Every structure is written in C-alpha cells, then in structure tokens.
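This briefing concerns the aromatic rings of one protein and the charged side chains that accompany them. Please keep the sequence and the model at hand while reading.

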Amino acid sequence: MDLGGGLHVCQISTFDKVWATHEGGPDNLGATFFEPSRIPDGFSMLGCYSQPNNKPFFGWVLVGKDDGSSGALRKPLDYTLIWSSESSEIKRDGNGYVWLPIPPEGYKAIGHVVTNSPQKPFLDKIRCVRADLTDQCEADSWIWGPGKANNANGFNVYDVRPSIRGVNALAVSVGTFVVQLGGTACPLSIACLKNAKSNLSSMPNLMQIDALMRAYSPWVYFHPDEEFLPSSVRWFFENGALLYSRGEESKPVPIEPNGSNLPQGGSNDGAYWLDLPVDAGAKERVKKGDLGSSQVYVHVKPMLGASFTDLAIWMFYPFNGSAKAKVGIVNHVSLGKIGKHVGDWEHVTLRVSNFNGELQRVYFSEHSGGTWVEAYELEFQDGNKIVAYASLQGHALYPKAGLVLQGSGAIGIRNDMGKSKMMMDTGGSYAVVAAEYLGSAIIEPAWLKYCRKWGPKISYDIADEIRKVERALPGPLKSAFNRFVRCLPNEVLGEEGPTGPNMKNNWTQDEV
C-alpha cells in the first residue's frame, strides 16, 4: 500500500518469538513478544508485536519500504532501555528487554524493539518514519503487566490505535504496542502512520465487495419466541407505512415503494415521522415484519486510513417489542410499554484487511452501544460466514446464544438469544446503499436521505408502568427495580422511533 511521501507498507503475519512471560496480564497467563519474519526484500521492521497468552495467536504488523525519493525512513540514532525483566520475579523464558528507538530529528518511532539479551539492538534492526507521514495514536487494550490487573502506576504494555478514526481520518494502525511506565499519559512515545496520499486505491470495487459479502456475510438467528421479524424497507412502505408531518397529523401520506416522496435531507427536527398503517389488522400484520422479503443494506467505509474496509450491514424491523427484565429471583418480568417503538435499525460491521481480504473483527450493535469481537472468537457456518443472534423483541445482536443481562447485579434488561428455524442469510439479499469513494457507481435509495424518525414519539406515564411491574415483585425488590428503570437510556424508556442509519455517529466515525 502506497501511503505517499515515498512510504510503502506491507502487512506481515509471520513472526519469530523473542521472549515470553507466563504470569501477569489478562487471566494471569502472561504474554509473548515477537518480531516480524519473512519480511519482503526492501522492507524494514517498524516495531515488534505482542499479545496476551489468554488468546490464540492472531496478529499482524506493518513493515515499511522507502522508495528512495524523499527519505521516508531512517535508522534510529540510538536506543533507550525502557524496561527489563532482570529484577522481576515473574515466571518467564529467560530475560526480556524492551527498547525505544531514538529517532533522528524530524522522524518518529513507530514501535519498540524487544530482545532477550541486554545488548542494544543493531541500528539497522528497525526504521523510524518521517514525522509528516505519522499521526497520533492512543493506548487501547491491555496486553500485559507483571500483576494480575492493570496497575496504572506500574509497567504496562498496550495495543495502540489511531486517536482519530473515521471514514475521513488518515491515520493507519501499525499493529505494534506501546510500553507505559508509572501512568505515563499522552502523547505516547510512539506514533502510528498516516495515509498522506489519501489513497483509496486499496478499497474494494463492487465485484470485490460482492466477494466479501459472499465470503463473510452473517447468518442471523432469531429467538424461537420472536414475534417481530425484519423486512425490507420496500415491503414496509408497500404494506401501508405512513408519513406524518407536524401540524397535519390528521392527513398522513402513504409512502411510495422507493421512498421517493419522503422529505430529503434536513435534520431530526420533529417535523416528520413514519408510522404503521391506521387499520388495526394491517398494523398488527406489518408489526410482525416479513422475513421472506427481508433485505440488508450495506454501507462500505474506508477505515484506519483505508488500510481496512468496514462493511456495515444494516437490518430494518418494522417494530421493536416490549422489554423484559430479570429482577432478582424473578426471571421474566414484562415491562409493558417500556421498550416498544415503531421502526428499529440494527447492524453488524465486518472489518476486513485491505492487504489480504482477511476478516479481522466484527462489531455487534447492542442497543445504544455494541461490542467488537475478534474473528477467532466468532461462530461460523458455511465456511467463513459468521453467525449472529438477534435478541428477543429488542433485536440487539450478539455473537453467542444465551442470556446477556443489561444492568447491574441481579437486576437488568434481558437479552435472550437462541437458534431457531427463523434465520436470515444476509448475503442472500443485500444492497450496497453507500460507498462514497465509488462515487456515481452507487445510487443511494431515496429513503436513505430521510433524516427524521422512523416511528412516532408517544408519551406515557413511566411511573404508572413501573407500578404495574412492581405489583408482581416481592417487597425488597420494588425500590431496587424502580431505581434501575429510571437509569435506563431514553431509547428504552420512551416509545420513540429511531433515526435511520445515516444519522448515526458510526455512519462516518468508528464503531464505539
């Protein structure tokens, strides 16, 4: 990949082990430190790699090549010994030494060198990068420290990631790690790279996007008791969905099948909203969705300086059902109106390397947040197609079947997942609705430019709903439940439709 300024990079996932610990870090299992091997001719190491021992080996780093035109890479002037294990009592394979390259003026270190000898590494062991080809990074997940838990005031090793991440951000992850001593804060001692050329040539074309979807697109399983299934947006419109406008509430307008009569652009100002059909029978039928018509909508995003592609796969449900809770010994408590709303958008995001097309990790949206899961932790079927589970009536997505309790202690919103005959192969019917870098090759549907609510806002007495639930609870649990419910996010408490995918922060930013 050409990052501009004379710098080319290559992704390496073959390594030689340098040193390992067998205590400390996540699960107290230690960590292993590697340096890249089988580096192509002309390329140089930018930093070593490390990962905790509580997970399978699954890593990569970038190596760099200077095209000779403008001094993109330089050898360090010297090294500083950051830490050694000589005085440590942890179980380990001999001694390990962590060095920070001292860069020439105008250059920055991108990673550390790890040795199993106290002798300084050779100066040509690693390269530093010209400062204008770098960007700021931040510490991410904890890799290792001598203790069983992360001690902010001690020695720690962290993964690093770019500080600014999004479709327009140019920072590139290198796959290296950073050492911090005694709570050292930003700026870090190392930097990440930058796509200074703003080069998007590594992004997939439409044929390659189709190949990625055929290879990795999720199978989504619904709970055996699920009532409210997904549909295509077109099915929702064709089966009686209505457009309302403020001041004209008595005159709702049927929506064209392609959404062409929806207001375009603007903001979520409450001037318009969508709702179910007025007829009671039609309303109940549309609420339940139509799995046979279901289609997913794919937003293709350049991420981490276009070194990765994110395939954000969006699913639409006409209706979100009532939330259920677990309250102490009472396992299933219906929350009545709490949680119900018209229109529900959920998504799962596949992160694929633009160097080799390999699936790296997957983001599962879960109510107002979500979780990244590494590829090796996922469930697969039909080869490399991942499996996702939609929670009962709430449709949050999870990588495993079972119960996830959203709350604290013994009180929380239930997210029940299970495998049933109701399932959706998201690669079977999908549409690429946005891939801005492809320009006119992608025709965005009219409904994607609708920026208002996909359901009405309906106010109800929260206190009354809580009282109804409390009647079924033992005395000591009533007040605890009351406190819990009042801390729930607005999306659970109020019956209010969500905005569409293009209004979410993750449309242009990283998943968080």
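The points below treat ring pairs, a ring cluster and charges over rings.

The structure is a predicted model. A search of the whole structure finds 31 aromatic pairs.

**Phenylalanine 15 and phenylalanine 57**
- These two rings form an edge-to-face pair, with 5.6 Å from centre to centre and 75 degrees between the planes.
- The pair links distant parts of the chain, 42 residues apart: phenylalanine 15 belongs to strand β3 (residues 15–20), while phenylalanine 57 lies in the loop between β6 (49–52) and β7 (61–66).
- Phenylalanine 15 has a relative accessible area of 14% and is therefore buried, whereas phenylalanine 57, at 42%, counts as partly exposed.

**Phenylalanine 236 and phenylalanine 316**
- The ring centres of phenylalanine 236 and phenylalanine 316 are 5.0 Å apart and their planes meet at 55 degrees, so the pair is tilted.
- Helix α2 (residues 233–238) contains phenylalanine 236 and strand β25 (residues 308–320) contains phenylalanine 316, so that distant parts of the chain, 80 residues apart, are linked.
- Phenylalanine 236 is buried, at 0% relative accessible area, and phenylalanine 316 is likewise buried, at 0%.

**Ring cluster**
- Phe236 and Phe316 also belong to a cluster in which ring pairs link them with Phe237, Tyr297, Trp345, Trp447, Tyr450 and Trp454.

**Charges over rings**
- Lysine 287 places its charged end over the ring of phenylalanine 319, 4.5 Å from the ring centre.
- Over the face of tyrosine 221 lies lysine 419, at 4.7 Å from the ring centre.

Methods
Residues are numbered from 1 along each chain as its sequence is written. This is a predicted model: local features need pLDDT of at least 70, side-chain atom pairs count only at pLDDT 80 or more; totals for chains, interfaces and linings use all residues. Side-chain values use heavy atoms; hydrogens and water are left out. Rings of Phe, Tyr and Trp (its six-membered ring) pair if their centres lie within 6.5 Å; planes under 30 degrees apart count as stacked, over 60 as edge-to-face and the rest as tilted. Helices (H or I, at least four residues) and strands (E, at least two) are DSSP runs, numbered from the N terminus. Buried means under 20% relative accessible area, exposed over 50%, partly exposed in between (1.4 Å probe, protein chains only). A charge sits over a ring if NZ of Lys or CZ of Arg is within 6 Å of the ring centre and within 35 degrees of the ring normal.
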